[in-house]
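Q: I have a model open and want to learn how to read its features. Where do we start?

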Amino acid sequence: MEREERDKLGKRAVYVGIIGNIFLTVFNIVVGIFSGSYALISEGAHTISDITTSIIAYIGFKIGSKPADEEHPLGHGRAEAISGLIIVVFLALIAYEIVKGAFDRLFFGAALTIPDPLAVVMAFIGVVTNYIMSQYIIKLGKRANSPAIIADGKHQRVDILSSLAILIGVLISQYGYPQLDSIIALMIGLLIVKTAFEVARENLDAIMGKVPSEDLVDDIIKVSNSVSQVCGTHDVRVNYFGSYATVTLHIELQPNMSLEESHKIVHLVQKKIVDEIGVVQGVTAHACPLGLKYNHSQQLDK
């Protein structure tokens, strides 16, 4: 995918996240105050963080899209995973505030009130809006192959469940269970903690270079072996950056092949892998004589 097209997808994702969450923040807090729903006010506080995380995701996306340079010869891709971890910090802070407020109301004498039915309307709007936003942002993130945008979309997806929980809690609290509203708020806080853990794990995997799937390695071998005169491919290593990957591999060629011929085939393999496997942006191939047995972990002179 061209850099310009990827930038457009990133901008679209951040605009959707910011505009949608400004709407939800204002209405959640206003309706929460007027209806007396602490859960709805908590959700409003959470959506304030969504605006910030959308901006952070886009900053990470922009830095990660920068081309390689002398100081960063493999590119800046890990910036997206780092921005994902910053999002985790915001999630943890919001979760702490929500859980603390819910505990105060449930166990330390804070006033409990039955929310006004108006909160039901806002909770329903929240479910629909968050569903549309999260699905769209995750879709854009996958098209752009951006861990930062996907993390932001998954962050938004938490709000679907929390708005649904608020909807159910407000309905049930009308029958004389005011404590249920605070219990729902507590559940929202714990749900945010769960999301923070999942996002942290995914982005730490990207920073540590974990290969997203064995299928990627299989695809690389398949494409490499499809090049004429390549007799086999082995010792494939993928350096995964979250939004893209670089690859090193060994290809097996006939022992009597000239240096010029093997050089040409090496470049054909490198180009074909980059052309056919979208996530791969750079390949280094090493030619091995077919039938030669040696330990790849040792130097050849040993």
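A: Start with one side chain. This is a predicted model. Phe27 counts as partly exposed, at 40% relative accessibility.

Q: What is the relative accessible area of Phe23?
A: The value is 35%, so Phe23 is partly exposed. Partly exposed covers the range between the buried cut-off of 20% and the exposed cut-off of 50%.

Q: How is a pair of aromatic rings described?
A: A search of the whole structure turns up 1 aromatic pair. Phe23 and Phe27 form that pair, with 4.8 Å centre to centre and 45 degrees between the planes. The pair is tilted.

Q: Where in helix α1 do Phe23 and Phe27 sit relative to each other?
A: They are 4 residues apart in α1 (residues 3-35), so about one helical turn separates them.

Q: Now a whole helix. What span does helix α8 reach?
A: Compare the span with the expected one. Helix α8 takes in residues 259-276, 18 residues in total. From first C-alpha to last it reaches 26 Å, close to the 26 Å expected at 1.5 Å a residue.

Q: Which residues of α8 are buried?
A: Ser262, Ile265, Val266, Val269, Gln270 and Ile273 are. They lie on the same side of α8 because their arc around the axis is only 140 degrees.

Q: Which residues are exposed on the other side of α8?
A: Glu260, Lys264, Lys271 and Asp275 are exposed there.

Q: What do the buried residues of α8 pack against?
A: Their partners are α7 (214-225), β2 (245-253) and β3 (280-289).

Methods: Residues numbered from 1 in each chain as written. Predicted model: local features only at pLDDT ≥ 70, side-chain atom pairs only at ≥ 80, totals over all residues. Heavy atoms only, no water. Helix = DSSP H or I, 4+ residues; strand = E, 2+ residues; numbered from the N terminus. Expected span 1.5 Å × (residues − 1). Buried < 20%, exposed > 50% of the residue type's maximum accessible area, 1.4 Å probe, protein only. Arc of directions from axis to C-beta. Contact = heavy atoms within 4.5 Å. Phe/Tyr/Trp six-rings, centres within 6.5 Å; stacked < 30°, edge-to-face > 60°.
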